[in-house]
Number of protein chains: 2
Amino acid sequence: MSPARTDHDARRHDVSEAVWRVLAEHGFAGLTLRAVAAAMGASTGLVTHYFAGKHELIAHALDILEARTRQRPRLEAPAATGLPALRIHLLDILPLTPDGVAINRIWVGSWDVALSDPALFAAQATRYERIRAVLRAAIEDAQRLGELPARADAWRLATTALSFTHGLVVQALFAPDRLPPEHQIELVDDFLAGLAADADQST
Amino acid sequence: MSPARTDHDARRHDVSEAVWRVLAEHGFAGLTLRAVAAAMGASTGLVTHYFAGKHELIAHALDILEARTRQRPRLEAPAATGLPALRIHLLDILPLTPDGVAINRIWVGSWDVALSDPALFAAQATRYERIRAVLRAAIEDAQRLGELPARADAWRLATTALSFTHGLVVQALFAPDRLPPEHQIELVDDFLAGLAADADQST
DNA sequence: CTACATACCGAACGTTTGTTATGAATGTGC
DNA sequence: GCACATTCATAACAAACGTTCGGTATGTAG
């Protein structure tokens with residue numbers, strides 16, 4: 001019942017990493033079973049042994065996107081709350097390291113496929129919903145702590161913050177010289193300062 | 001020397017529109033010569049007659065992206081200046097109409113290909129640079145008119161504004177129910193109000 | 001009318017794609 | 001050691017791909 005000469009999960013993870021490498025270099029347009037196999041010096045038979053088909057390969061890649069972003073080596077260890085926590089969350093998204101660049105390259109690239117496939121579309125929509133929820137929680141914390149104007153709608157603020165961050169990701173990917181890590185961080189800090197200062201504004 | 005029974009430019013434009021339709025529905029992943037030919041009820045021979053190959057097809061599609069955004073039916077006719085002009089520019093980008101949705105769907109989808117092909121990458125980078133320049137001009141106008149804090153760096157503000165807008169585009173595409181046109185406009189207005197109010201903030 | 005250039009179809013080409021089947025290793029359970 | 005399950009390479013497969021090309025129709029130029 002259990003002839004396991006190799007660790008199934010470990011091998012599967014190897015394939016997953018090969019997929020990652022292919023996507024980081026050639027995008028979803030260059031994702032083929034043979035490319036994945038070549039990236040790990042194996043045959044297509046191995047790939048299909050761990051993933052039923054290309055569609056499962058893509059779905060799995062999108063799965064790890066969210067997880068990888070969350071499991072990123074945190075920039076600052078202490079479990080922050082409120083505004084600092086929101087800051088960390090936003091910075092964790094940005095392409096500040098080579099690894100972060102790869103993640104975001106894949107992330108941005110995934111939008112083309114996700115917008116055309118109903119199943120992937122729904123999955124991605126849910127994922128972004130979840131990210132917004134995390135940001136909203138941090139924002140509500142910040143409001144309770146008086147770091148952000150309590151009057152503002154937390155969900156709207158979360159949407160705005162995620163919009164700004166995702167857009168910044170795209171700009172940074174296309175103009176890495178113009179937007180090096182330090183510069184990105186400055187823009188985030190300016191953005192957050194703007195949110196905090198926006199206390200005496202009405203419609 | 002000029003046997004022209006059909007208008008060459010007009011036919012080329014027809015092909016261009018067929019490409020557009022394919023991209024809007026199936027993204028760059030679904031862009032094939034046969035799909036384009038089928039979309040206009042013609043043969044692949046016709047397509048290759050007006051465009052040398054698939055690569056030229058993609059390049060042309062990216063070309064019209066910027067142009068289409070600029071030639072959009074303006075939401076408000078009067079040639080505004082300063083902050084209102086900036087507002088219009090941002091609103092022109094957003095997917096507020098079915099046509100705007102199509103444009104942005106293609107736009108967002110183009111990032112996967114553009115990030116993997118050096119030539120397309122450079123072209124897109126230049127395009128975004130150009131958009132930022134337009135926004136910066138409007139921002140500098142607004143600063144001169146006292147609508148925005150004069151102390152802030154105009155280029156940074158332009159980057160922030162474009163980041164926010166592009167990110168909002170992505171969110172709106174993936175959550176159209178959550179972010180209907182009116183809601184998007186509200187978020188933009190909130191964002192601009194935040195910029196205007198950010199006058200008493202220091203590092 | 002003759003020559004010629006353009007417009008376009010239709011089909012073929014070689015390649016690459018995802019998928020599937022065969023079979024040889026190599027282990028475990030009894 | 002005799003099944004049997006897992007692992008994986010190899011190879012085949014049809015489908016779809018980008019590209020190329022011969023052929024026909026239809027115009028203009030002289």
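**View 1. The crossing of α5(B) and α7(B) is left-handed.** A crossing counts as left-handed if the near helix is turned anticlockwise from the far one by less than a right angle, and as right-handed if clockwise. The model is predicted: local features need pLDDT of at least 70, side-chain atom pairs count only at pLDDT 80 or more, and totals for chains, interfaces and linings use all residues. Residues are numbered from 1 along each chain as its sequence is written, chains are lettered from A and ligands numbered from 1 in the order in which they are written, and side-chain values use heavy atoms, without hydrogens and water. Helix α5 covers residues 82-93 of chain B and helix α7 residues 118-144 of chain B; their axes come within 7 Å and cross at roughly 155 degrees. Helices (H or I, at least four residues) and strands (E, at least two) are DSSP runs, numbered from the N terminus. Axes are lines fitted to C-alpha atoms, for helices over the stretch in contact, and angles run from 0 to 180 degrees between N-to-C directions. α5(B) and α7(B) are therefore roughly antiparallel to each other. Angles under 35 degrees count as roughly parallel, over 145 as roughly antiparallel, 65 to 115 as roughly perpendicular and the rest as oblique.

**View 2. Residues of α5(B) meet residues of α7(B).** From α5(B) come Gly82(B), Leu83(B), Leu86(B), His89(B) and Leu90(B). They meet Val134(B), Leu135(B), Ala138(B), Ile139(B), Asp141(B) and Ala142(B) in α7(B). Contact means heavy atoms within 4.5 Å. Eight of the residues in this contact are nonpolar, two polar and one charged. Ala, Val, Leu, Ile, Met, Phe, Trp, Tyr, Cys and Pro count as nonpolar, Asp, Glu, Lys and Arg as charged, and the others, Gly among them, as polar.

**View 3. α5(B) and α9(B) make a right-handed crossing.** Helix α9 spans residues 181-197 of chain B, and the axes of α5(B) and α9(B) come within 11 Å and cross at roughly 145 degrees. Leu86(B), Arg87(B), Leu90(B) and Leu91(B) of α5(B) make the contact with Ile185(B), Val188(B), Asp189(B) and Leu192(B) of α9(B). The contact residues divide into six nonpolar, no polar and two charged.

**View 4. Helices α1 and α4 of chain B pack at an angle of about 85 degrees.** That makes α1(B) roughly perpendicular to α4(B). The axes of α1 (residues 8-26) and α4 (residues 54-70) are 10 Å apart. On the α1(B) side are Arg12(B), Ser16(B), Glu17(B), Val19(B), Trp20(B) and Leu23(B); on the α4(B) side are Leu57(B), His60(B), Ala61(B), Ile64(B), Leu65(B) and Arg68(B). Seven nonpolar, two polar and three charged residues make up the contact.

**View 5. UniProt lists a "DNA-binding region" (unreviewed entry) at residues 32-51 of chain A.** UniProt positions are given in the numbering used here, feature names are shortened, and annotations may be inferred rather than shown by experiment. The span is 70% helix and 0% strand, and its end C-alpha atoms lie 13 Å apart. UniProt also places "domain: HTH tetR-type" (unreviewed entry) at residues 9-69 of chain A. Residues 9-69 of chain A are 79% helix and 0% strand, with end C-alpha atoms 21 Å apart.
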